[in-house]
Amino acid sequence: MKPLFVLLLVYVALLAFGGHTTFDKGNIFAGNIAMSVMLLFTAIGHFKFKTSMAAMIPLFIPKKVEIVLFTGVLEILFAIGLSIDSTRYYTGIALIIFYIAILPANIYAAKHRINYEDLHKPGPGPKYLWFRVPFQLFLIAWVWYFSIR
């Protein structure tokens with residue numbers, strides 16, 4: 001839920017205040033910068049909650065903490081790539097693939113009630129998917145609209 005608020009808040013702020021600045025570049029710029037800020041926000045979680053997030057990865061996959069750290073770095077690179085006009089299109093394609101690839105970890109975490117912020121507390125369980133799956137589709141649509149089309 002927090003990433004959604006970050007995404008929308010930054011987007012609305014850029015649209016509302018961008019016209020009063022010299023760097024206003026319109027809707028597409030605002031959409032990509034908002035996604036970049038959200039990605040930087042979520043990347044922080046990959047480093048802060050790496051052990052709990054590693055539990056979201058199915059048991060048969062090795063090097064869970066390393067995968068969490070790597071995906072955090074990827075999110076930072078995606079944020080940078082979306083901010084550069086010449087790399088935005090390909091970054092958008094890679095980000096959509098990334099969002100599709102991480103969905104199974106979110107389903108696994110919901111099924112096993114894993115709390116990605118605190119491993120010692122139960123997560124919301126399968127009801128979390130009623131938010132997460134539509135949110136994932138929303139993120140994919142956002143990236144497609146602002147970065148690829």
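Me: Which residues is Phe78 in contact with, leaving aside its neighbours within four places in sequence?
Reply: With those neighbours left aside, Phe78 is in contact with Leu39, Thr91, Ala94, Leu95 and Phe98. Contact means heavy atoms within 4.5 Å. This is a predicted model, in which local features need pLDDT of at least 70 and side-chain atom pairs count only at pLDDT 80 or more, while totals for chains, interfaces and linings use all residues. Residues are numbered from 1 along each chain as its sequence is written, and side-chain values use heavy atoms, with hydrogens and water left out.

Me: Where is Phe78, and is it buried or exposed?
Reply: Phe78 sits in helix H4. Helices are DSSP runs of H or I with at least four residues, numbered from the N terminus. Phe78 counts as buried because its relative accessibility is 9%. Buried means under 20% relative accessible area, exposed over 50%, and partly exposed in between, using a 1.4 Å probe and protein chains only.

Me: And how far is Phe78 from Gly92?
Reply: They are 8.0 Å apart in space, C-alpha to C-alpha, and 14 residues apart in sequence.

Me: What about Phe47?
Reply: Phe47 is in helix H2, residues 27-48. Phe47 has 35% relative accessibility, so it counts as partly exposed. Together with Val73, Leu77, Ile80 and Ile84, Phe47 makes a nonpolar surface patch of about 410 Å². Such a patch joins nonpolar side chains (Val, Leu, Ile, Met, Phe, Trp, Tyr) within 5 Å, from residues with over 30% relative accessible area and no salt bridge. A salt bridge is a Lys or Arg side-chain nitrogen within 4 Å of an Asp or Glu carboxyl oxygen. The areas come from the Shrake-Rupley method with a 1.4 Å probe.

Me: Which helix gives the most to the patch?
Reply: Helix H4, residues 64-82, with 3 residues.

Me: Now the inside. How many residues has the largest nonpolar core?
Reply: It has 26, and Met35, Met38, Leu39, Leu95 and Tyr99 have the most contacts inside it. H6 supplies the largest share of this core, 7 residues. A nonpolar core is a set of buried Ala, Val, Leu, Ile, Met, Phe, Trp, Tyr and Cys residues joined through side-chain atoms within 4.5 Å.

Me: What does Tyr99 touch?
Reply: Not counting residues up to four places away in sequence, Tyr99 touches Met35, Met38, Leu39, Gln136, Leu139, Ile140 and Val143.

How values were computed: Patches are made of residues with over 30% relative accessible area and no salt bridge: like charges are joined within 9 Å, nonpolar side chains (Val, Leu, Ile, Met, Phe, Trp, Tyr) within 5 Å. Helices (H or I, at least four residues) and strands (E, at least two) are DSSP runs, numbered from the N terminus.
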